[in-house]
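Have the sequence and the 3D model open side by side.

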Amino acid sequence: MLRVGLDLTALELDASGTARAIRGLRDALAERGDVSVVELSQPPRPGGGSRRMRAVVREGWWYPLGLARRAAARGVDVLHCPVGLAPRRASMPIVITVND
């Protein structure tokens with residue numbers, strides 16, 4: 001079974017079209033018998049933190065380093081980043097969706 005890591009971080013930022021597309025992709029992959037979806041998202045900061053601080057952490061740590069590390073730790077075979085932001089390097093193939 002293929003383990004697909006799906007980055008769901010964007011769901012906290014958007015509730016419209018992109019979020020619907022991500023949820024639809026997650027649901028469609030979950031329905032397949034040959035795929036196991038591993039949901040990944042930026043971990044919450046202790047004490048919450050401001051929206052601006054979460055953005056700094058997301059852009060400065062989560063996408064450059066944290067996401068690939070979390071995906072590797074969870075044993076994913078391929079990492080899907082559905083919003084055009086992704087790690088520069090990872091130990092597994094990365095699929096990036098760019099929405100126009």
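How many helices and strands does the secondary structure of the protein come to? In this predicted model, the protein has 2 helices and 4 strands. Along the sequence they follow the pattern β-α-β-α-β-β.

Next, the overall dimensions. Taken along the principal axes, the C-alpha atoms fill a box of roughly 40 × 30 × 25 Å. The radius of gyration is 13 Å, which agrees with a compact globule, because a globule with 100 residues would have a value near 13 Å. Among contacts between residues at least 6 apart in sequence, 53% join residues that are at least 24 apart.

Now the interior. Of the 100 residues, 31% count as buried. The largest nonpolar core has 10 residues: Val-38, Leu-40, Trp-62, Tyr-63, Leu-67, Ala-71, Val-76, Leu-79, Cys-81 and Met-92. The elements that supply two or more residues to this core are β2 (35–40), α2 (51–73) and β3 (78–81). Of these, α2 gives the most, with 4 residues.

Last, the surface and the charges. The protein exposes about 6,000 Å², and carbon and sulfur atoms supply 52% of that area. There are 15 positive and 10 negative side chains. The centres of the two sets lie 9 Å apart.

Key. Residues numbered from 1 in each chain as written. Predicted model: local features only at pLDDT ≥ 70, side-chain atom pairs only at ≥ 80, totals over all residues. Heavy atoms only, no water. Core = buried A, V, L, I, M, F, W, Y, C linked by side-chain atoms within 4.5 Å. Buried < 20%, exposed > 50% of the residue type's maximum accessible area, 1.4 Å probe, protein only. Rg over C-alpha atoms; globule rule 2.2 N^0.38 Å. Contact = heavy atoms within 4.5 Å. Areas by Shrake-Rupley, 256 points an atom, 1.4 Å probe, with all protein chains shown as cover. Lys, Arg positive; Asp, Glu negative; His and termini not counted. Charge placed at Lys NZ, Arg CZ, Asp CG, Glu CD.
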